[in-house]
Structures are given as C-alpha cells and as structure tokens.
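Trainee: Please take a close look at the salt bridges and at the part of the chain around them. I would like one connected explanation.

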Amino acid sequence: MIPAHSLQNKTVMIPRGKAHAKSFSDLVKRNGGIPVEIPLIAFQPVKASEKLLKTLADLHTYNWIIFTSNVTVETFYSFLKKGQALLPKIAVIGEKTKEALVDMGEKVDFVPEEYVAEGFVDEFLPHVKQGERILIPKGNLARDYISAALREKGAIVNEVIIYETYLPEESKGKLVKMLTEESLDILTFTSPSTIDHFMKIVEEHNLGGKLDHCIVACIGPVSKRKAEQRGLKVHAMPEKYTVEEMLKSVANYMNIGG
C-alpha cells in the first residue's frame, strides 16, 4: 500500500481514456492526490476485414493466443460471436489483462513475472515449440518485438490489428490550458503512445518551458525510454509495472525530497 496522503494534495494527470480512468483516479484520491483526467489515448475497433473474419473462424487452429492489454481483450471479444469457443491456451502480459479474461470466464495459462514485452519473451519462449501457431491481436501502433522473437524460435505467428489508437480532440484544449497555467504537478504516462500524444501538443504550443516544475512518472522501461527520447526527464518508475506501483514510486521520489 502507498502511505496515506503520500501524494501531498498534488494534481496528477490521468492519461487514460474515460473507460479505464476511474480506478486510476480513485487510487490517486485515496492517496492524497487530486486526479485530473486528460485522456491522451483512445481506442476504436477496426472494420472487420476478410483477414480478421477468417482469423476468427480459424481460432481452433492456433496453439496460443497472446493478449498484451485489457483493451486488446475487450476489443477482441467484441468481434466474437456469443458462445464461440476460444483457444486451447492463453498467454497475457499484466494482471489487468488476466483479470479481464477471468471476468469473461476464461482460463489464463501463462503470465510472466515482468510486465513488458522483453520480459514476456524471456519467460514465454521455453513454452513454445517449433511450428506451433500463435495469434497476436494488437493495436495499430503496437510493437512487433514479441512476434519477431517467436518467429525466430520457429513459431508460426499471425498478428492481426483489431483496434486503432488516437488522441481525443477534446483533450487538446484542456491539456494546453492546464499546462499554460502550470496547474499539473505530476505527469503520469502509461504507454509510449500517451507520451507521443502529450509531446505533440506540447511542441505544437511551445509549452516545453511549462514542464520544469512537474514530476514525470512512467509505468515501465519502454515508456521511460520513449519519454527520454522525446526530451522529458523521468523522475519515477516502479520495479513492478502497475499503476499502483507507479504512484508508489512517485511518493518515494517526493519523500526523499525530489
């Protein structure tokens, strides 16, 4: 648990979309912070292409399906017909992803200790045999790190894009106003896409100088690397890549006088 009031009444930017922001905001409130929801990312399902429909019809031919986020789970299931059988084995990254599947009555067969693609690959590869068929539903901006590693192992991998990522128009004005007024104390980022969208707005409105007082926190090393590539100084990143642990890392940074 994070110590009570550890966020010291600071305003905390919540970058997630409305559908996934509530639990994040509640956690900030419980720990003495003021959540400010500015969705920097939103998702929309792609149109059901022939490739996607054929993939769904052939689900029984795969040995594994890999889900890398709860958004992927929710979107994938929106394409399935009610009662349609899923796969023999399911692998996921992250506790929230597993919870989304368990809530749907599915059994998850593999969860890595480390919640990033690199850690997933290291732990998952020993479970894969040459020639096995693996399906990876994904967003349009997702990396191909996992598929490349699996193909190198000899697996037959099919990646299918099921949703597109975009920056909500309504967030732009709110973010510009709050950055201009220096009203945000803590900037949290939960994916590289949230950083790209944030910095696009900052650069378009020449707001880089308004970030100097902000504490910047990233949920994991991939986001941290992206933030630094975009010129942000990252002050906090947890060892376990969850929102709760990210907020705990912010509290620790503040407690040591950061």
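Mentor: The count comes to 18 salt bridges, a salt bridge being a side-chain nitrogen of Lys or Arg within 4 Å of a carboxyl oxygen of Asp or Glu. The model is predicted, so local features need pLDDT of at least 70 and side-chain atom pairs count only at pLDDT 80 or more, while totals for chains, interfaces and linings use all residues. Residues are numbered from 1 along each chain as its sequence is written, and side-chain values use heavy atoms, with hydrogens and water left out.

The general idea is simple: side chains of opposite charge can pair when their charged atoms come close. Start with a pair inside one helix. E169 and K172 form a salt bridge at 3.0 Å, N to O. They are three residues apart in helix α7, which means that about one helical turn separates them (DSSP runs give the helices, H or I with at least four residues, and the strands, E with at least two, numbered from the N terminus). E169 is exposed because its relative accessible area is 58%, whereas K172, at 24%, is partly exposed. The cut-offs are under 20% for buried and over 50% for exposed, with partly exposed in between (1.4 Å probe, protein chains only).

R230 and D196 meet in a salt bridge at 2.7 Å, N to O.

Through shared partners, salt bridges join D196, E203, K226 and R230 into one network.

Beyond its neighbours within four places in sequence, S193 is in contact (heavy atoms within 4.5 Å) with I41, L141 and T165.

The largest nonpolar core has 25 residues, and M13, L175, L184, L187, F189 and F198 touch the most other members. Two or more core residues come from each of α7 (169-180), β8 (186-189), α8 (192-204) and β9 (215-218). Of these, α8 gives the most, with five residues. Such a core is a set of buried Ala, Val, Leu, Ile, Met, Phe, Trp, Tyr and Cys residues joined through side-chain atoms within 4.5 Å.

F189 shows what surrounds one core member. Apart from its neighbours within four places in sequence, F189 is in contact with residues including M13, P15, L40, T194, I195, F198, V216 and M246. A second, separate core has 22 residues, among them V46, L52, F67 and V71.

E182 lies in the loop that joins them, and its phi is near 50 degrees, a positive value in a residue other than glycine. E182 is partly exposed, because its relative accessibility is 40%.
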